Amino acid sequence: MLDQLVQTAEAGKWQWIDGGAQKMSTCHVDNLVAALLLAATAGENGQAYFMADGAQGTLKSVIGGLLATRGIQPGNRSVSFPVA
């Protein structure tokens, strides 16, 4: 997926939806596995658990950070949600 995001940004077609301010959380695979094991051994049947790393970011900070690993700065162009 990152390759497609990079291609879009390099082609000058990248736009944030509503400025990219939507809240977003991530979960590293090691943390996900630990949480799944904990839920399986100490969780309660029928319960739902939300798994995420401690910090919460925005769509712009998370995706922008991923693009930065490839040396891409996607810019600040934005489109409103209804248009997207």
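This briefing covers the fold, packing and selected side-chain features of one protein chain. The model is predicted. The protein chain holds three helices and four strands. Its radius of gyration is 17 Å, well over the 12 Å that the globule rule gives for 84 residues, so the protein chain is more spread out than a compact globule.

**Overall fold and dimensions**

- Read along the sequence, the elements of the protein chain come in the pattern α-β-β-α-β-α-β.
- The C-alpha trace spans about 50 × 30 × 20 Å along its principal axes.
- Buried residues account for 17% of the 84 residues.
- The protein chain exposes about 6200 Å². Carbon and sulfur atoms supply 56% of that area.
- Take the contacts between residues at least 6 apart in sequence: 85% of them join residues at least 24 apart.

- Helix 3 covers residues 59–68. Its buried residues are V62, I63, G64 and L67.
- An α-helix has 3.6 residues a turn, so residues three or four places apart point the same way.

**Aromatic pair**

- The count of aromatic pairs comes to one.
- The partners are W14 and W16, with ring centres 5.2 Å apart. Their planes stand at 80°, and the cut-off for edge-to-face is over 60 degrees, so this pair is edge-to-face.
- W14 and W16 are both buried.

**Salt bridge**

- The count of salt bridges comes to one.
- The side chains of D3 and R70 form it, at 2.8 Å from N to O.
- The pair links distant parts of the chain, 67 residues apart. D3 sits in helix 1, and R70 sits in the loop between helix 3 and strand 4 (78–79).
- D3 has a relative accessible area of 46%, so it is partly exposed.
- R70 is partly exposed too, with a relative accessible area of 42%.

**Surface nonpolar patch**

- V29, V33 and L37 form a nonpolar patch on the surface. Together they have about 270 Å² of accessible area.
- V33 belongs to helix 2, which runs over residues 29–42.
- The relative accessible area of V33 is 43%. Buried means under 20% and exposed means over 50%, so V33 counts as partly exposed.

**Single residues to look at**

- Q7 lies in helix 1. Its relative accessible area is 53%, over the 50% cut-off, so Q7 is exposed.
- Q7 and S61 are 54 residues apart in sequence. In space they are 19 Å apart, C-alpha to C-alpha.
- D18 has a positive phi of about 50°, although it is not a glycine.
- D18 is placed in the loop between strand 1 and strand 2. At 42% relative accessibility, D18 counts as partly exposed.

Technical notes: Residues numbered from 1 in each chain as written. Predicted model: local features only at pLDDT ≥ 70, side-chain atom pairs only at ≥ 80, totals over all residues. Heavy atoms only, no water. Patch = residues over 30% accessible without salt bridge, like charges linked within 9 Å, V, L, I, M, F, W, Y side chains within 5 Å. Areas by Shrake-Rupley, 256 points an atom, 1.4 Å probe, with all protein chains shown as cover. Salt bridge = Lys/Arg side-chain N within 4 Å of Asp/Glu carboxyl O. Helix = DSSP H or I, 4+ residues; strand = E, 2+ residues; numbered from the N terminus. Buried < 20%, exposed > 50% of the residue type's maximum accessible area, 1.4 Å probe, protein only. Rg over C-alpha atoms; globule rule 2.2 N^0.38 Å. Contact = heavy atoms within 4.5 Å. Phe/Tyr/Trp six-rings, centres within 6.5 Å; stacked < 30°, edge-to-face > 60°.
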